[in-house]
There are 2 protein chains.
Amino acid sequence: MVNHQISAILHLVNMSFYNQLKFDEATGLIPAIIKEQNTGRVLMMAWMNRASLAQTLATGKTQFWSRSKKRFWMKGESSGHIQTVKDVAFDCDGDTILIQVDQIGAACHEGYKSCFFRSVDSGSGDAKIIEPQLVSPEQVYGKK
Amino acid sequence: MVNHQISAILHLVNMSFYNQLKFDEATGLIPAIIKEQNTGRVLMMAWMNRASLAQTLATGKTQFWSRSKKRFWMKGESSGHIQTVKDVAFDCDGDTILIQVDQIGAACHEGYKSCFFRSVDSGSGDAKIIEPQLVSPEQVYGKK
């Protein structure tokens, strides 16, 4: 862990709300729901550990812990589609965080504003895409 | 598992979106974010297994799996504060569900509309309550 992360964590643990949070005992993670403040849309859900929450609060930009890649990631680090924190709330059990943000561009790595771009048709049970794709993933992340 | 649950699961696995969902390999669970459709508020986050998702779709009322009590629970089973399903969406990775509902009464067992009734004051780091308590828990669940 680098110095700026240690400093951010020390700041976090001195905040009184920190004692009301429950990070998962086994993984050290807590789920964070990200909502776009000006539209009310739920954009995504991702995971934070103490260091990524601390960095999110210190920088005002959302940062997460990737369970698959086992590393920190800042939303928008590749795409430029960063999220600026406007509000941080937490639930009654202290085991989920809700962060309201201003979203630049598309939250979803598939190029949609929200990762929840598919809804279930209650009649057929099929998934249907409910919003336009803002950018193509190739535009954002380059050809694969 | 009882017959109506088996029947509901068979219906679920025949829906095409089911193959796009990823339940956690170890626990069999998937997180479900619950949002109030008419206000856009995020009300709560809880966990579903295949049977509770199937029952949610079959009955149109949200049902979850309690990790602490290790049993199914229907939202509102004690309080009457049920949630009627209006829309079911899922994210790009297929590992989180977003359900829009009509909420009767308070979603939170502490008597608030939303479980996210506390927000972090960015200056002090203290938690502040951001909405009125609609009912007292004693009114809903009886004296403890």
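Helices here are DSSP runs of H or I with at least four residues, strands are runs of E with at least two, and both are numbered from the N terminus. With that in hand, the model.

This is a predicted model: local features need pLDDT of at least 70, side-chain atom pairs count only at pLDDT 80 or more, and totals for chains, interfaces and linings use all residues. Residues are numbered from 1 along each chain as its sequence is written, and side-chain values use heavy atoms, with hydrogens and water left out.

Start with the fold. Chain A has three helices and eight strands. Their order along the sequence is α-β-β-α-β-β-β-β-β-β-α.

Next, overall dimensions. The C-alpha trace of chain A spans about 50 × 35 × 30 Å along its principal axes. The radius of gyration, taken over C-alpha atoms, is set against a globule rule of 2.2 Å times the number of residues to the power 0.38. For 144 residues, a compact globule would come near 15 Å; chain A has 16 Å, which agrees.

Now the inside. Of the 144 residues in chain A, 51% are buried. Buried means under 20% relative accessible area, exposed over 50%, partly exposed in between (1.4 Å probe, protein chains only). Take contacts, meaning heavy atoms within 4.5 Å. Among those in chain A with a separation of 6 or more, 44% join residues 24 or more positions apart.

Last, one residue. Where does A:Val13 sit? A:Val13 belongs to helix H1 of chain A, residues 3-13. Its relative accessible area is 33%, so A:Val13 is partly exposed.

Methods:
Chains are lettered from A and ligands numbered from 1 in the order in which they are written.
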